[in-house]
Amino acid sequence: MADKFRAAVIGSTGRGNYGHGLDVVWRDIADAELVAVADDNPAGLAAALVRLKLTAGYTDYRKLLDEVKPDVVSIAPRWIDRHHEMAMACLERGIHVYMEKPFCRTLAEADEIVDTCDRTHTKLVTAHQTAYSPRVDVAKKLIADGKIGDVLEYRGRGKEDRRGGGEDLWVLGTHIMGLIRIFGGDPLWCFGRVSQSGQPITAANVTDGPEGIGLLAGDDVRAMYGMPDGTTAYFASRRHAGGHKARFGLQIFGTQGAIEIATGHMTPTVKYLPDPSWMSTSSGEGWLEVTTAGIGQPEPIPDGGLHGGNILAINDLLAAVRENREPRGNAREARGNTQMIVAVFASQVAGGPVTLPLSDRGDPLAKLQAAH
């Protein structure tokens, strides 16, 4: 293998752009050299060439892949309607992928990507930056050491802004689902309710969602998941519910205390409550800050934000290629997160809980439309 990986970026100005810094991150990757960029918007391509200090630019990403032959590619657009197409084009050529979230639109697309990674011995990682935070590892150790006793439940919410409900579940819920699975594993079942203006969704409520999501419905979603250890996980989001990015995260409650984790950064806010009542007023202890150095200790690592999380993720991806192992946030993990999202709509359409993994790998909202 060459001393450095040759990296390229696929963006799409006006249709998801370059995600959360999935282009500029390559400037700070010591193990790679950025060699080319593709953007089907000519003006966007011209700007990207200047921003990334490149001379090799393409309006057709497939031509980039065939002529430049990079080792690894950032699939950067936030819009997900072409994620599957772009990923397959890279993977079939033996090119590794760092992809903006959400992963893809259906479980059938996710299955094909996972199978292709296996067949071509390629690796794909999604940009769930918080999943790579060393603070998450510290939180896992606190739980393993019994600091909150036996885990009883997980609670996650989206940002609950104008996108609250089904869109929040798709666009931002993927981060929460990833955290739930990091701590609790793969759910065994899901019981979800999706409503619009207080009533269960019908085919009339199904529309084409923004950002290439595909079919979408609901301004209020509530989901419950049965975890393999007997605990329960919850996710909820309601549109215009006074949402705030600080509420966007995961809480883990145990018999002796609780831990909460924000999301979206290399060093997210993590706090620990050593109180079995889960109320800081009960013991007077209050929530204690958790850093990579431990409970109540100064943080020795600078907060790199989303950019720092991208660096951690890409470095792990490249190390996994060299070491022939699976990286964090790999294609199977991305599929697992997508399945938790799809299961909420599948449960609503089925009118009851659904078993995971889902046997129907299509779009449950398309099934709802077809039934009417």
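Start with Glu85. It has a relative accessible area of 27%, so Glu85 is partly exposed. The areas themselves come from the Shrake-Rupley method with a 1.4 Å probe, and for residues only the protein chains shown count as cover.

This is a predicted model, in which local features need pLDDT of at least 70, side-chain atom pairs count only at pLDDT 80 or more, and totals for chains, interfaces and linings use all residues. Residues are numbered from 1 along each chain as its sequence is written, and side-chain values use heavy atoms, with hydrogens and water left out.

Which residue forms a salt bridge with Glu85? The partner is Arg62, and the closest N and O atoms are 4.0 Å apart. Arg62 sits in helix α2 (residues 61-68) and Glu85 in helix α3 (residues 83-92), so this pair ties together parts that are 23 residues apart in sequence. Helices (H or I, at least four residues) and strands (E, at least two) are DSSP runs, numbered from the N terminus. A salt bridge needs a side-chain nitrogen of Lys or Arg within 4 Å of a carboxyl oxygen of Asp or Glu. Side chains of opposite charge can pair when their charged atoms come close. Arg62 is partly exposed, because its relative accessibility is 35%.

Now look at Arg325. It forms a salt bridge with Asp316, with 3.0 Å between the closest N and O atoms. Is Asp316 buried or exposed? Asp316 has a relative accessible area of 16%, so it is buried. Arg325 stands at 28%, so it counts as partly exposed. Arg325 also meets Glu323 in a salt bridge, at 2.6 Å from N to O. The structure holds 25 salt bridges.

Next, the inside. A cavity is found on a 1 Å grid over the protein atoms alone: it is a set of points where a 1.4 Å probe fits but cannot get out, and its lining residues have an atom within 4 Å of a point. Points are joined across faces, edges and corners, and a volume is the space filled by probe spheres set on them. How many cavities of 30 Å³ or more are there? The count comes to three.

The largest cavity has a volume of about 80 Å³. Its lining includes Arg105, Trp170, Phe345 and Asp363. Helices α10 (331-350) and α11 (364-370) each supply at least two of the lining residues. By class, this lining has eight nonpolar, two polar and two charged residues. Here Ala, Val, Leu, Ile, Met, Phe, Trp, Tyr, Cys and Pro count as nonpolar, Asp, Glu, Lys and Arg as charged, and the others, Gly among them, as polar.

The second largest cavity holds about 50 Å³ of space. Ser12, Arg15, Pro77, Trp79, Asp81, Arg82, His83 and Met86 line it. Three of these lining residues are nonpolar, two are polar and three are charged.

Leu188, Trp189 and Phe191 make a nonpolar patch of about 270 Å². Patches are made of residues with over 30% relative accessible area and no salt bridge: like charges are joined within 9 Å, and nonpolar side chains (Val, Leu, Ile, Met, Phe, Trp, Tyr) within 5 Å. Leu188 lies in the loop between α7 (173-184) and β8 (189-196). Its relative accessibility is 43%, so Leu188 counts as partly exposed.

Last, the backbone. Most residues other than glycine have a negative phi, and most peptide bonds are trans. Two bonds here are cis. The bond from Lys101 to Pro102 has omega near -10°, and Pro102 lies in the loop between β5 (96-99) and α4 (107-120). The bond from Leu356 to Pro357 is cis too, with omega near 0°.

Asn17 has a positive phi, near 55°. It is found in the loop between β1 (5-11) and β2 (32-39). Phi of Trp278 is also positive, near 65°. Trp278 sits in the loop between β16 (270-273) and α8 (280-283). Its relative accessible area is 25%, so Trp278 is partly exposed.

Technical notes:
Buried means under 20% relative accessible area, exposed over 50%, partly exposed in between (1.4 Å probe, protein chains only). On a 1 Å grid over the protein atoms alone, a cavity is a set of points where a 1.4 Å probe fits but cannot get out, and a pocket is an open set with protein on both sides within 12 Å along at least five of seven lines; lining residues have an atom within 4 Å of a point.
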